[in-house]
Structures are given as C-alpha cells and as structure tokens.
Amino acid sequence: VNLRSEGSPLEALPEHLRRVRSFVRREGRLTDAQARALENLWPLYGIESGAEAQPGNPDSWFGRSAPLVVEIGFGSGSALLHRAALAPERNFLGIEVHRPGVGGLLRGVRDAGLENVRVSDADAVVFIEDRLPPQSVSEFIIEFPDPWPKKRHHKRRLVQPALVALLVSRLLPGGLLRLATDWAPYAEHMTEVLKAMPSLENMAVEGDYIPRPESRPLTRFEARGLRLGHEVFDLAYRRTDHVG
Ligand SMILES: C[S@@+](CC[C@H](N)C(=O)[O-])C[C@H]1O[C@@H](n2cnc3c(N)ncnc32)[C@H](O)[C@@H]1O
C-alpha cells in the first residue's frame with residue numbers, strides 16, 4: 001500500500017488486516033433473479049479485483065470523471081441505489097462480499113436504469129488497497145458494519161486504525177468518511193479510532209455524533225436495530241490535511 005508517500009506512520013497495511021476477515025462468507029440462497037443478474041449484468045457493472053493488484057483508474061470504470069462515493073458492505077444495496085438515483089452527477093462504487101446482495105444490487109441498477117453505479121464483490125480491504133489509487137475518493141460510507149460483539153472477535157471489526165489509515169490515504173483532501181452503527185460499544189470504538197487519526201476532523205458540532213443525515217435511508221439492518229430498541233449513531237469525519 002502506498003502510504004509512505006502520504007507521510008503516514010504505517011509502512012504497509014498490516015498483513016493481519018488481510019488475513020483476519022471482517023466477514024464470514026455465507027453464500028446464502030441466490031434467488032434465480034439474483035443468479036441471472038450475476039451472470040448477465042456483472043459484465044456491465046462489475047469491477048474485477050485484478051490479479052496483479054494494479055491500481056485502477058476509477059474514472060475509466062464509469063467512462064467519465066466525477067466525484068467518487070464508495071460504500072463498503074452495502075448489504076442489499078437499497079441505500080446505495082437510493083443515493084445513486086438522487087445524485088446522478090456522482091459516481092458510486094459499492095463493495096460487498098455477500099453474493100445475493102451483489103446480485104440484488106445489479107438488478108436494482110438495471111431496473112432503475114442507473115449509469116453511475118459500479119460493483120465489486122471483493123473483500124473491501126483488499127480491493128481498496130489494490131485497486132483504488134491514493135486521493136481518488138470523495139466519500140467513503142460504512143453503514144451498520146458487523147459489530148462482532150464478542151471480545152475475542154473484536155479484531156474482525158472493519159473499523160480499526162489500519163483500515164482507517166488506508167481509507168484516509170484514498171480520500172481526497174476535504175473528503176468525507178461517513179459511518180453509522182446501532183451498536184453503542186462499536187460507536188465508541190469507531191470514535192476512538194477516528195479521533196486518533198491526526199488528519200481527520202470530526203464534523204459533529206456537539207458531542208461525538210452528527211444528527212441522522214437526511215440522505216441516509218432506512219435499511220433492513222437499521223430497522224432490525226431499532227426494533228431491538230438500539231440507539232443509532234451517525235459519524236462523519238473530514239480529511240483535513242493538504243497533500244503536496
Ligand atoms: C450488517 S451488514 C449491513 C449492510 C448494509 N450496510 C445495511 O445497512 O443494511 C454488513 C455487511 O458488510 C459486508 N462486509 C463485511 N466485511 C466486508 C468486507 N471486508 N468487504 C466487503 N463487504 C463486507 C457483509 O457481507 C454484510 O453484508
């Protein structure tokens with residue numbers, strides 16, 4: 001990972017981030033429609049991980065230059081579809097390892113006739129490190145990442161210092177990191193990690209969290225959290241440093 005030129009104390013993405021995964025691959029059941037979408041629509045909207053780990057040119061994936069929004073772990077993709085439809089002037093890349101979700105998003109993109117969405121089915125940690133060049137992303141979105149509540153599983157949490165350093169290196173100066181969770185201890189953990197990054201500024205005006213952004217639609221995971229009586233926490237941080 002090209003973090004050295006970013007003046008980061010990290011020399012490379014620690015190997016454990018690639019080895020200890022933030023997900024368990026559950027194939028689940030692919031509906032016929034999802035399977036057909038994966039077969040027929042992947043060639044149109046899918047971005048390969050690239051065996052040789054060559055950084056890509058995101059503009060070329062979309063055939064145009066536009067601000068890039070990257071959503072990690074989009075689940076069913078409903079929030080991503082909603083945002084992409086509301087902001088045709090931006091490019092949206094969704095990264096999700098759950099194949100039924102990828103198939104569902106592909107269908108949604110086709111049905112809505114969206115031209116500003118591309119999809120990766122890779123581990124986001126690996127895809128971002130290998131394929132996204134430094135300073136190429138306007139906004140990263142991570143909503144309701146798996147909380148991994150047991151202490152012995154905390155190392156699987158997606159949001160941790162090495163991953164945040166990687167995301168910051170890919171953000172344009174002034175770019176945004178948006179997160180949400182319904183798991184209070186994870187919200188605290190996120191806050192600790194994000195506050196410790198010198199080049200990030202908390203956008204919250206009061207306290208650690210921002211009000212729920214209007215642009216964030218309710219997803220299945222959030223609805224489940226609310227049914228369980230969980231409070232939902234929204235976080236937004238901006239990359240502040242200027243890179244020469
Ligand atoms: C709890 S779900 C939330 C889904 C969606 N954001 C929502 O709010 O409904 C977390 C998702 O993150 C995905 N995920 C976890 N780690 C990932 C990784 N390293 N790369 C890509 N996707 C990941 C999981 O497959 C899962 O679908």
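The dialogue below sets values against definitions.

Tutor: This is a predicted model, in which local features need pLDDT of at least 70, side-chain atom pairs count only at pLDDT 80 or more, and totals for chains, interfaces and linings use all residues. Residues are numbered from 1 along each chain as its sequence is written, and side-chain values use heavy atoms, with hydrogens and water left out.

Student: Which atoms of Glu143 and Thr219 lie by the ligand?

Tutor: For Glu143, a backbone N or O atom lies 2.8 Å from a ligand nitrogen atom. For Thr219, an N or O atom in the side chain is 2.9 Å from a ligand oxygen atom.

Student: Why is strand S7 called largely enclosed?

Tutor: Strands are DSSP runs of E with at least two residues, helices are runs of H or I with at least four, and both are numbered from the N terminus. Buried means under 20% relative accessible area, with a 1.4 Å probe and protein chains only. In S7 (residues 233-239), 6 of the 7 residues are buried, so the strand is largely enclosed by the rest of the structure.

Student: How do you know that S5 and S6 pair with S7?

Tutor: Two strands pair if DSSP finds at least two bridges between them. S5 (residues 171-181) is joined to S7 by 6 bridges, and S6 (residues 200-202) by 3 bridges; therefore both meet the definition. S5 and S7 run antiparallel, as do S6 and S7. Tyr237 in S7 stands opposite Leu177 and is also the bridge partner of Asn202.

Student: What makes helix H7 mostly covered?

Tutor: In H7 (residues 161-170), 9 of the 10 residues are buried. Among them are Leu163, Leu166 and Arg170.

How values were computed
Buried < 20%, exposed > 50% of the residue type's maximum accessible area, 1.4 Å probe, protein only. Polar contact = N/O pair within 3.5 Å; in protein donor to acceptor, adjacent residues only side chain to side chain.
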